[in-house]
Amino acid sequence: MITRFTQNETILKLVDEIPKNKQYSDIEDIEGNQYVDLVQEGGGVLGIALVGYTYILEKAKIRFLSLAGTSAGAINTMMMAGLGRIQEKKSEKILTILSQQNLFDLVDGPRSIKRLIDKAIKKEKGIMWSLVWSILPIYKRLKKYLGLNPGNYFESWIQKELKLNNVYTLQDLKSLRSQLPLGLKNIVTGEEVNDVTAKLAIITSDITTHTKTEFPKMAELYWSNPESISPAKLVRASMSIPFFFEPFQVDAIPNAGDTDDKKWKEYASYMGPIPSSVKFVDGGMLSNFPINVFHREDGGVPRMPTFGVRLSAYRDDYSKAKNVFGMSLAMVSTMRQIHDYDFLLKNPDYKHLICRIDADEMFNWLDFNMSEEDQIKLFNLGAKKAVEFLKNFDWEAYKKIRGNKD
């Protein structure tokens with residue numbers, strides 16, 4: 001029951017604290033909904049906090065035009081894109097789906113490995129003995145499949161939920177996203193708005209050609225008929241946590257062997273022969289928070305902001321890389337974040353648009369067997385940070401900052 005999420009005392013108080021009649025964007029629809037673009041960071045099961053964030057924004061009559069995300073952010077992005085029209089509220093639908101799903105089912109590897117993963121995350125006693133007994137099957141599985149869990153259950157789950165909303169193919173999703181809300185207008189000029197597009201960006205890492213891949217923009221590179229595939233495949237590619245899940249593989253790549261493909265050069269800056277198959281791992285390896293994806297290079301004061309929501313507390317402290325394991329973690333953290341931080345360093349105005357939930361300070365991002373109590377706490381945390389963000393955000397001040405910048 002989603003009422004455990006939406007009717008608990010903490011949430012009810014937070015909803016009451018949402019600012020009334022506050023302006024967040026110049027674009028509104030006929031129902032008075034305000035429109036923003038949204039970018040969501042990856043973070044495993046911490047993505048539940050993202051739902052808390054969007055729940056509060058929807059309560060504030062904010063809706064999301066263009067959507068982008070990586071890994072867990074890609075999951076919430078796809079749900080928000082595919083569970084109804086742009087102007088409809090989606091967060092309660094997502095909560096219903098989550099409340100009916102045992103998230104530990106997404107860990108679909110052998111039972112012995114599932115038990116070991118759960119023990120390790122919960123730091124139970126005897127974990128070292130369990131690891132010793134499991135080391136051989138773990139080694140064999142990683143050697144053969146390159147991941148502990150197939151990830152098939154996850155893809156089927158997303159595919160099923162999209163089908164229940166009549167989204168079977170990427171073409172269905174594009175058709176749904178092409179239906180703009182009625183009566184879009186610029187409240188500053190009073191003019192109708194019909195020149196906007198509801199964009200979608202799912203970020204993943206193509207480790208075969210070393211490419212940061214953006215779907216659906218680059219889907220034609222990997223499928224001969226991309227419009228016919230399930231959008232669930234795009235999310236599966238984005239959430240392929242290295243070694244935890246098997247890499248997502250696409251076979252029968254169009255024009256395999258071609259060494260002079262213009263589209264590969266244009267989209268991926270790839271100059272070599274096109275492979276016959278490609279493996280993808282988690283998009284967070286290259287861009288865990290793709291806040292730059294909707295940035296306008298031509299500058300100008302925007303009509304609506306691009307909000308970003310972060311789940312992590314990275315770079316609040318330095319890494320203590322005193323051993324091989326520590327150095328490995330430090331290198332991975334650097335790879336996951338530095339591209340996004342480089343953009344933020346060059347565009348400091350974006351700091352006014354970002355809500356930091358910092359959920360990883362209290363919760364384990366791989367705890368797919370998280371208790372319902374902790375799921376509710378995580379949802380509440382996202383909602384709490386969203387209310388704080390809405391209280392502090394000043395749209396008119398932000399437009400002045402952008403005007404001075406350009």
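Me: Trp223 in this model: buried or exposed?
Reply: Buried. This is a predicted model, and tryptophan 223 has 12% relative accessibility, so it counts as buried. The cut-off for buried is under 20%.

Me: Which ring does Trp223 pair with, and how are the planes set?
Reply: Tryptophan 223 pairs with phenylalanine 215. The ring centres are 5.6 Å apart. The planes are at 50 degrees, so the pair counts as tilted.

Me: And what accessibility does Phe215 have?
Reply: Phenylalanine 215 is at 0% relative accessibility, so it is buried too.

Me: How many aromatic pairs in the structure?
Reply: There are 21.

Me: Switching to the largest nonpolar core. How many residues, and which touch the most other members?
Reply: That core has 110 residues. Tyr53, Tyr222 and Phe307 touch the most other members.

Me: Which helix gives the most to this core?
Reply: Helix H13, residues 372–392, which gives nine residues.

Me: What about a second core? Which residues does it include?
Reply: A separate core of nine residues includes Leu65, Val193, Val196 and Ala198.

Me: Back to Tyr53. Where is it found?
Reply: Tyrosine 53 is in helix H3, residues 47–59. At 0% relative accessibility, tyrosine 53 counts as buried.

Me: What does Tyr53 touch, leaving out residues up to four places away?
Reply: Tyrosine 53 touches Leu38, Phe307, Gly308, Val309, Cys355, Ile357, Gly382, Ala383, Ala386 and Phe389.

Me: How far is Tyr53 from Ala386, in sequence and in space?
Reply: Tyrosine 53 and alanine 386 are 333 residues apart in sequence. Their C-alpha atoms are 5.1 Å apart.

Me: New topic, H6. What should it span, and what are the end C-alpha atoms at?
Reply: H6 covers residues 111–122, twelve residues. At 1.5 Å a residue, H6 should span 16 Å. Its end C-alpha atoms are 17 Å apart, which agrees.

Me: Which H6 residues are buried?
Reply: Ile113, Lys114, Leu116, Ile117, Asp118 and Ile121.

Me: What follows H6?
Reply: Lysine 123, with a positive phi near 55 degrees.

Me: Now H4. How many of its residues are buried?
Reply: Ten of eleven, so helix H4, residues 72–82, is mostly covered. Among the buried ones are Asn76, Thr77, Met78, Met79 and Met80.

Me: Which glycine follows H4, and what is its phi?
Reply: Glycine 84 follows H4, and its phi is positive, near 155 degrees.

Me: Last one, Ser205. Which strand is it in?
Reply: Serine 205 is in strand E6, residues 200–206. Serine 205 is buried, with a relative accessible area of 2%.

Me: Which backbone oxygen lies 3.0 Å from a polar atom of its side chain?
Reply: The one of aspartate 282.

Me: What else is Ser205 in contact with, leaving aside neighbours within four places?
Reply: Besides Asp282, serine 205 is in contact with Thr211, Lys279, Phe280, Val281, Gly283, Met285 and Leu286.

Key
Residues are numbered from 1 along each chain as its sequence is written. This is a predicted model: local features need pLDDT of at least 70, side-chain atom pairs count only at pLDDT 80 or more; totals for chains, interfaces and linings use all residues. Side-chain values use heavy atoms; hydrogens and water are left out. A nonpolar core is a set of buried Ala, Val, Leu, Ile, Met, Phe, Trp, Tyr and Cys residues joined through side-chain atoms within 4.5 Å. Buried means under 20% relative accessible area, exposed over 50%, partly exposed in between (1.4 Å probe, protein chains only). Helices (H or I, at least four residues) and strands (E, at least two) are DSSP runs, numbered from the N terminus. Contact means heavy atoms within 4.5 Å. The expected span of a helix is 1.5 Å times one less than its number of residues. Rings of Phe, Tyr and Trp (its six-membered ring) pair if their centres lie within 6.5 Å; planes under 30 degrees apart count as stacked, over 60 as edge-to-face and the rest as tilted. A polar contact is a pair of N or O atoms within 3.5 Å; within protein, one must be able to donate a hydrogen and the other to accept it, and residues adjacent in sequence count only if both atoms are side-chain atoms.
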